[in-house]
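Me: I'd like to go through this one and check what the labels rest on. Can you take my questions one by one?

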Amino acid sequence: MPWTCTVCGELHDEQLRDIRAGLPDPVFEIDEVERRERVDSDTDWCRFVDQNGALRLYVRGVLHLPIKRSDDDFRFGVWIEVGEADFYRLGDLWHDEDGMATRPFFGWLANKLNLYPGTLGLPVALQLRDVHRLPAVILLDAEHPIVVDQRRGIDEEQANRLAETVLH
């Protein structure tokens, strides 16, 4: 369904419903030379040695915000920092058809999300799903506005404002 962007005033033919973070934010904070030396990553996992020499481990997940009065949702492809045992256990289960039957994994959101200040470090549960889908990210901090939106849903106007942060 077409919508008019409040930033540029143009009519966009297609509604953008996905934002995908390229890397965990702590990895983006280092320059390209350091990144080549201290980061090992693929599309769905990342190992990073921080400035203190600590190994930090991340996996990709999808944070869904349901859109009220719609069958659709807004999706953030985000990175979740997990502990070492969980990182390797997730690796073992990532392509296992029975993986979705396992308990959720605990982690922390590793990306700042536009229009939602203070998301970096929010506690999450990461639930494996069908092997063809990234794990679902369930926010655990009940006080944060994005947690309220994940539980109650957002309207079309708010979904369009989220899309505008990517388009402009």
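Me: Which residue in β7 does Ile 19 stand opposite?

Reply: Ile 19 stands opposite Phe 76. Keep in mind that this is a predicted model, where local features need pLDDT of at least 70, side-chain atom pairs count only at pLDDT 80 or more, and totals for chains, interfaces and linings use all residues. Residues are numbered from 1 along each chain as its sequence is written, and side-chain values use heavy atoms, with hydrogens and water left out.

Me: What makes β3 and β7 a pair?

Reply: Two strands pair if DSSP finds at least two bridges between them. Strand β3 (residues 18–20) and β7 have 3 bridges, in the parallel sense, so they pair. Strands here are DSSP runs of E, at least two residues long, and helices are runs of H or I with at least four, numbered from the N terminus.

Me: How do you know that β8 pairs with β7?

Reply: There are 2 bridges between β7 and strand β8 (residues 105–109), running antiparallel, and at least two is what the label asks for. Glu 81 stands opposite Trp 108 there. β6 (residues 55–66) is antiparallel to β7 too, over 10 bridges, with Arg 60 opposite Trp 79.

Me: Why is β7 called mostly covered?

Reply: Buried means under 20% relative accessible area (exposed is over 50%, partly exposed in between, with a 1.4 Å probe and protein chains only). In β7 (residues 73–82), 10 of its 10 residues are buried. Side chains in a regular strand alternate between the two faces of the sheet. Here both faces are covered, with Trp 79 among the buried residues on one side and Phe 76 among those on the other.

Me: What puts the buried residues of α3 on the same side?

Reply: Asp 86, Phe 87, Leu 90 and Leu 93 are the buried ones in α3 (residues 84–93). They cover an arc of only 135° around the axis, so they sit on the same side of α3; the arc is that of the directions from the helix axis to the C-beta atoms. The face turned away carries the exposed Ala 85 and Asp 92.

Me: Why is Gln 158 called buried?

Reply: Its relative accessibility is 17%, so Gln 158 counts as buried.
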